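Reader: I would like to learn how to read the ring contacts in a protein model. Please take me through them one step at a time.

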Amino acid sequence: MEGTQSGTCCEAMMTIAPEVDPTKTEHGENFPVASLLIAPRLRPHVLNFYRFARAADDIADHPTLSESSKFERLDALEQTLLGTSDSAKAALPLRRVLAERGLAPTHPLDLLTAFRADVTKRRYANWDELMHYCRYSAMPVGRFVLDLHGEDRSTWAYSDPLCSALQVINHLQDCAKDYCELDRVYLPLDILAAHGTNVAALLDPRASPALLASLHEIAGKSAALMPAASKLPLAVRDARLGLETGAIVRLAHRLIGILIVRDPLSEPVHLTKVGAALQAARGVAATLVARLAGQATILRDASEE
């Protein structure tokens, strides 16, 4: 959009409607979002949650909206979700899902906490602060899906680190873009400082040795989340959800492996569609074998009692 006049017109239109145009769909994500592995009766519910989150994310990241306008639109999403307004259309389907399934609005409300933070918070001091952000920006996604499937809350112990790892993977992949376009840096500042660099290094076309060491250390911290995360596919009762999470775990392992050795400023750190499909298929196959082996063990033990 060029020129002051166009920007003014756009702002006026945004004042009328609480939503903004979506920047991408579930098909543009790094990881499966309600793939065909999910039970057909539940896929629409997962997609409604995703579209609610996508709407909030697009508001928080909008390049021309003022901070006050962003907060107004995020408030509209919350009010519609809670039934005190119908102004935010992106929240209506999720509101119906929560009512139909008897679920509390806790998880989508937690997401809004993260997106409100995104409006004004642009730096993270350390890893703990980043994980606190992931508590609201990433963990609610997995928790919602688990609750939707009626899984035990104990599975959150595996879902939370997986969702946090996925979030950090995205931060590393988009670190230069986030800084250049949003002046937002999710890389812990103390890690950058320990390697003798700072956020300005993200403007370079190629990562300096100091920045690269920082990025690889952060990728290594993500890898440390994966042992717990890898237990999720076998911990859930729903077999289809187990296969879905198995695919996601495999993709996360592969992407972390790439980020530990590559430079996201100058080298490809995303999988191609074919590469992603291959990794997902391997994850599904490995999970299926492991779940079947577990069932065989249970049946054998039962027959020996």
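Author: Begin with charges and rings. A charge sits over a ring if NZ of Lys or CZ of Arg is within 6 Å of the ring centre and within 35 degrees of the ring normal. The model here is predicted. In it, Arg 135 lies over the face of Tyr 136, 4.7 Å from the ring centre.

Reader: Over which ring does the charged end of Lys 121 sit?

Author: Over the ring of Tyr 124, at 4.7 Å from its centre.

Reader: How is a pair of aromatic rings described?

Author: By the distance of the centres and the angle of the planes. The count for this model is 4 aromatic pairs.

Reader: Is Tyr 124 buried or exposed?

Author: Buried means under 20% relative accessible area. Tyr 124 has 1% relative accessibility, so Tyr 124 counts as buried. Tyr 133, at 7%, is buried too.

Reader: Where is Pro 108?

Author: Pro 108 is in helix H5, which covers residues 106-120. Its relative accessibility is 0%, so Pro 108 counts as buried. Leaving out residues up to four places away in sequence, Pro 108 touches Phe 49, Phe 52, Leu 81, Leu 94 and Leu 98.

Reader: How many residues apart in sequence are Pro 108 and Phe 144?

Author: They are 36 residues apart in sequence, and 8.2 Å apart in space from C-alpha to C-alpha.

How values were computed: Residues are numbered from 1 along each chain as its sequence is written. This is a predicted model: local features need pLDDT of at least 70, side-chain atom pairs count only at pLDDT 80 or more; totals for chains, interfaces and linings use all residues. Side-chain values use heavy atoms; hydrogens and water are left out. Rings of Phe, Tyr and Trp (its six-membered ring) pair if their centres lie within 6.5 Å; planes under 30 degrees apart count as stacked, over 60 as edge-to-face and the rest as tilted. Buried means under 20% relative accessible area, exposed over 50%, partly exposed in between (1.4 Å probe, protein chains only). Helices (H or I, at least four residues) and strands (E, at least two) are DSSP runs, numbered from the N terminus. Contact means heavy atoms within 4.5 Å.
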